[in-house]
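Here is a colleague's note to read with the model open beside you. Take the points one at a time and find each element as you go.

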Amino acid sequence: MKVMMDPLLVSPPQAVLFDWDNTLVDTWPCILKAMNMTLVHMGHAPWTREEGMARISRSLRDSFPDLFGERWREAQDIFYESFRSCHLDMLRPLPHAEALVRHMRGMGAWVGIVSNKTGDLLRIEVEHLGWEGLFHRVAGAGDAKADKPHVEHILYALQGSGLKPGQDIWFVGDHAIDMQCATGAGCTPFLLHHDGPLADDLLSWAPLGIYGSCGEFLDVLRTLAVPSNENR
C-alpha cells in the first residue's frame, strides 16, 4: 500500500527533518550485529532482523534501562564497542537518498536530521559519506534534553533556523516513532516504508504520504510547482 500526496494541495516546506537509519542509509546489518552481541553477552536470545526492526527505535538511554535493568550501562559499553567496529564499513546510502536531500535543499528548505543514534556516531557517519554539507543541523541522541519522540529533539534540530514546529515542517522517517514525533510536534509526517507489510501502528499516525523508496518520494516532489536547484 502506497499513499501519494497530491502535489497541487501541498505547500513547499520551510524545513525538512529526516530520520537517518533505514530512511537515508541502510545500517541495519551493523545495528543488528551489535545488538545481538549485546543480547547474548547479557544472557538474552538474539533477535531476527524482523524483530530488531520492530523493536529498535528509541534511543539507547531510553531503551536499555528497560531491557537490561541495572546492568544497562554494561550493555551500553558492549553495544558501542561492537557497533564502532563495523558501522563505517557496513554503512550504505539508500538509492536516491542523496538526491532527495539535495532536492529539499534546492527548494530552499532548512534540512536536518533527527535520529536516535548517538550524536557523535551519527555525525561520524554523515561525514564518512561526505554529506555534512547537505544538512543545516544534525541532531542525534543525547544532543537535546530529550530524544525522539519528544518535541525537544525537533526544537534542537531547528535551532538557528528561526522556525518553530508546525505543518510547514516536514518529518520524513521509516518508523512509528518518527510519525509519533512529527505528529506530537504538530509537524507533517511522511513515511518511507522500504519493505514488508504496513503495520497498523504506522497507518494510525496518518502520514501525508507513504512511499516505498527515496526515489519514489523524489519523483513526486519533482511535480511540485516550486522549482528546485538540486545542486545547491
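Which residue just after H8 takes a positive phi? That residue is Gly186, with a phi of about 80 degrees.

1. Before you start. This is a predicted model, in which local features need pLDDT of at least 70 and side-chain atom pairs count only at pLDDT 80 or more, while totals for chains, interfaces and linings use all residues. Residues are numbered from 1 along each chain as its sequence is written, and side-chain values use heavy atoms, with hydrogens and water left out.

2. The overall picture. The chain holds ten helices and eight strands. Helices (H or I, at least four residues) and strands (E, at least two) are DSSP runs, numbered from the N terminus. Of the 232 residues in the chain, 51% are buried. Buried means under 20% relative accessible area, exposed means over 50%, and partly exposed lies in between (1.4 Å probe, protein chains only). Among contacts (heavy atoms within 4.5 Å) with a separation of 6 or more, 67% are between residues 24 or more positions apart.

3. The sheet. Look for an open sheet of six strands in the order S5-S4-S1-S6-S7-S8, with parallel pairing. Two strands pair if DSSP finds at least two bridges between them. S5 (137-141) and S8 stand at the edges with a single partner strand each, so one side of each has no neighbour in the sheet. On average, neighbouring strands are turned by 20 degrees against each other, direction ignored. Helix H5 packs on the sheet and touches S1, S4 and S6; its direction makes about 160 degrees with that of S1. Such angles run from 0 to 180 degrees between N-to-C directions, with axes as lines fitted to C-alpha atoms, for helices over the stretch in contact.

4. How many of the five residues of S7 (residues 188-192) are buried? Five of the five are, so S7 is largely enclosed by the rest of the structure. Thr188, Phe190 and Leu192 are buried on one side, and Pro189 and Leu191 on the other. S7 pairs with S6 (residues 169-173) in the parallel sense over four bridges; Phe171 has Pro189 as its bridge partner, and Val172 stands opposite Phe190. Three bridges join S7 to S8 (residues 209-211), also in parallel, and here Leu192 stands opposite Tyr211.

5. Helix H8. H8 (residues 176-185) is mostly covered, as seven of its ten residues are buried. Among them are Ala176, Ile177 and Met179, and also Asp178.

6. Nonpolar cores. A nonpolar core is a set of buried Ala, Val, Leu, Ile, Met, Phe, Trp, Tyr and Cys residues joined through side-chain atoms within 4.5 Å. The largest has 32 residues, and those with the most contacts inside it include Phe18, Trp20 and Phe217. S1, H5, S4, H6, S6, S7 and H10 each supply at least two residues of this core, and H10 gives the largest share, five residues. A second, separate core of 20 residues includes Met42, Phe68, Tyr80 and Cys86.

7. Glu125. Is Glu125 buried or exposed? Glu125 is buried, with a relative accessible area of 0%. Glu125 sits in helix H6 (residues 119-128). Not counting residues up to four places away in sequence, Glu125 touches Trp20, Asp21, Thr27, Phe83, His87, Leu88, Leu91 and Lys117.

8. Backbone details to check. Most residues other than glycine have a negative phi, and most peptide bonds are trans. Asn22 has a positive phi near 65 degrees; Asn22 lies in the loop between S1 and S2 and is buried, at 8% relative accessible area. His96 has a positive phi near 70 degrees; His96 is in the loop between S3 and H5 and is exposed, at 51%. A cis peptide bond with omega of about 20 degrees joins Lys148 and Pro149, and Pro149 is in the loop between S5 and H7.

9. Arg71. Finish at the loop between H3 and H4, where Arg71 is found. Arg71 is partly exposed, with a relative accessible area of 39%. Arg71 and Met42 are 29 residues apart in sequence and 8.5 Å apart in space, C-alpha to C-alpha.
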